[in-house]
Amino acid sequence: MAATQLNNLPSTVQLAENTQPELGLVCITFDKQVRFRTMTRTRYLQLSLSERESGLREIYLHNLQRLHDALTFCQNNNIRLYRIPSGVFPLSDMEDQIGAKILAEINADLGQIGIRAQSLNIRMVLHPDQFVVLSSDSSEVVKNSIKILEDHAHIFDLLGLPRSPWSLMNIHGGKSQRSEQLVKVIANLPENIKNRLTLENDEYAYSAEEIFTVCQQAKIPMVFDAHHHICHENLDSYDDSSVTAMFNAARETWAKPEWQLVHISNGEQAFKDRKHSNLITDMPSVYRQAPWIEVEAKQKEAAIAHLRSWWLMGE
């Protein structure tokens with residue numbers, strides 16, 4: 001889509017005057033109140049079957065409690081968006097089925113997470129790891145990517161989270177110049193994956209315009225990342241007209257625009273530094289219109305508090 005066309009797309013939702021977007025906590029807290037445990041595959045394979053089961057059960061129960069802790073933290077700090085760690089229940093995909101068995105055993109406890117999130121009006125989302133590449137030219141990589149998404153979707157189902165972009169699973173486009181493959185694979189995904197799937201632009205392989213086109217064709221929402229956009233396009237300001245254009249274009253892909261989610265991060269050492277900074281000190285003006293923003297900064301909840309104060313001061 002041409003830039004002129006993007007600029008002509010309407011902004012369909014406006015936040016009420018003096019209303020701030022909902023700012024999201026990503027996975028853990030900076031002050032160590034919310035931390036999760038894991039186990040490497042290498043370590044797991046060194047254990048006996050009984051040791052694997054006891055080890056995973058201990059980790060799963062610990063992490064289950066940490067999810068409750070995360071919801072409590074969000075409740076206490078007026079945060080209504082929480083990104084679940086992609087490895088919250090590690091090694092549940094192993095062929096020995098031990099992790100899957102434990103998840104089945106704690107099914108009722110998992111369901112309470114979704115019930116509690118709903119009662120607190122907290123939106124829970126997830127960003128699978130970089131191994132999910134649906135656009136790969138390797139059939140094995142695509143097959144493994146779908147398996148990872150199936151495992152995530154299964155956990156979301158166990159948590160009782162809705163099969164919709166409210167509880168989205170967000171991925172990148174993957175291998176460049178493979179848009180047709182990406183659309184084709186998405187079309188054939190199971191319903192509990194596809195109905196939650198969103199795509200995000202990145203700094204290297206897929207521009208915001210390219211991901212917008214894929215999302216239109218695949219009929220899934222786009223998560224716009226302004227920092228990825230300025231890095232990809234080598235821009236000098238978050239208020240470049242193309243940022244506003246892509247924000248509004250992305251909104252058009254959401255069947256419920258009030259659910260639109262965007263990402264923000266700042267460069268650590270320089271404006272276009274790809275490494276994340278501690279706090280957010282620069283923000284696209286158009287993000288004032290964003291209903292939901294995931295704050296990708298190293299200091300997590302401190303960055304959210306800083307951004308709220310910054311906006312309240314009208315800076």
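This is a predicted model: local features need pLDDT of at least 70, side-chain atom pairs count only at pLDDT 80 or more; totals for chains, interfaces and linings use all residues.
Me: How many helices and strands are in the chain?
Reply: The chain has 12 helices and eight strands. Both are DSSP runs numbered from the N terminus, with at least four residues of H or I for a helix and at least two of E for a strand.

Me: How compact is the chain?
Reply: Its radius of gyration is 20 Å, close to the 20 Å that the globule rule gives for 315 residues, so the chain is as compact as a globular protein of that length. The radius is taken over C-alpha atoms, and the rule is 2.2 Å times the number of residues to the power 0.38. Along the principal axes, the C-alpha atoms fill a box of roughly 60 × 45 × 35 Å.

Me: And what share of the residues is buried?
Reply: Of the 315 residues, 52% count as buried. Buried means under 20% relative accessible area, exposed means over 50%, and partly exposed lies in between (1.4 Å probe, protein chains only).

Me: What about contacts between residues at least 6 apart in sequence?
Reply: Among those contacts, 75% join residues at least 24 apart. A contact here means heavy atoms within 4.5 Å.

Me: Changing topic, how many salt bridges are there?
Reply: A search of the whole structure finds 18 salt bridges. Each is a side-chain nitrogen of Lys or Arg within 4 Å of a carboxyl oxygen of Asp or Glu.

Me: Why would such side chains pair at all?
Reply: Side chains of opposite charge can pair when their charged atoms come close.

Me: Which residue does E22 meet in a salt bridge?
Reply: E22 meets R80, at 3.0 Å from N to O. E22 lies in strand 1 (residues 22-26) and R80 in the loop between helix 3 (49-76) and strand 2 (81-84), so the pair ties together parts that are 58 residues apart in sequence. E22 is partly exposed, at 21% relative accessible area.

Me: Where do D151 and K147 sit?
Reply: Both are in helix 6 (residues 139-159), four residues apart, which is about one helical turn. D151 is buried at 18%, whereas K147 is partly exposed at 33%.

Me: And what does E268 pair with?
Reply: E268 forms a salt bridge with K298, at 2.5 Å from N to O. E268 is in the loop between strand 7 (261-264) and strand 8 (292-295), and K298 is in the loop between strand 8 and helix 12 (300-312), so this pair links parts 30 residues apart in sequence. E268 is partly exposed at 31%, and K298 is partly exposed at 39%.

Me: Which residues are linked in a network of salt bridges?
Reply: E53, R57, K101 and E105 are linked in that way.

Me: Now the cysteines: how many disulfides are there?
Reply: The count is zero, a disulfide being a pair of cysteine sulfur atoms within 2.5 Å. C27 is in no disulfide, and its nearest cysteine sulfur, that of C74, is 11 Å away.

Me: Are C27 and C74 buried or exposed?
Reply: C27 counts as buried at 17% relative accessibility, and C74 counts as buried at 1%.

Key. Residues are numbered from 1 along each chain as its sequence is written. Side-chain values use heavy atoms; hydrogens and water are left out.
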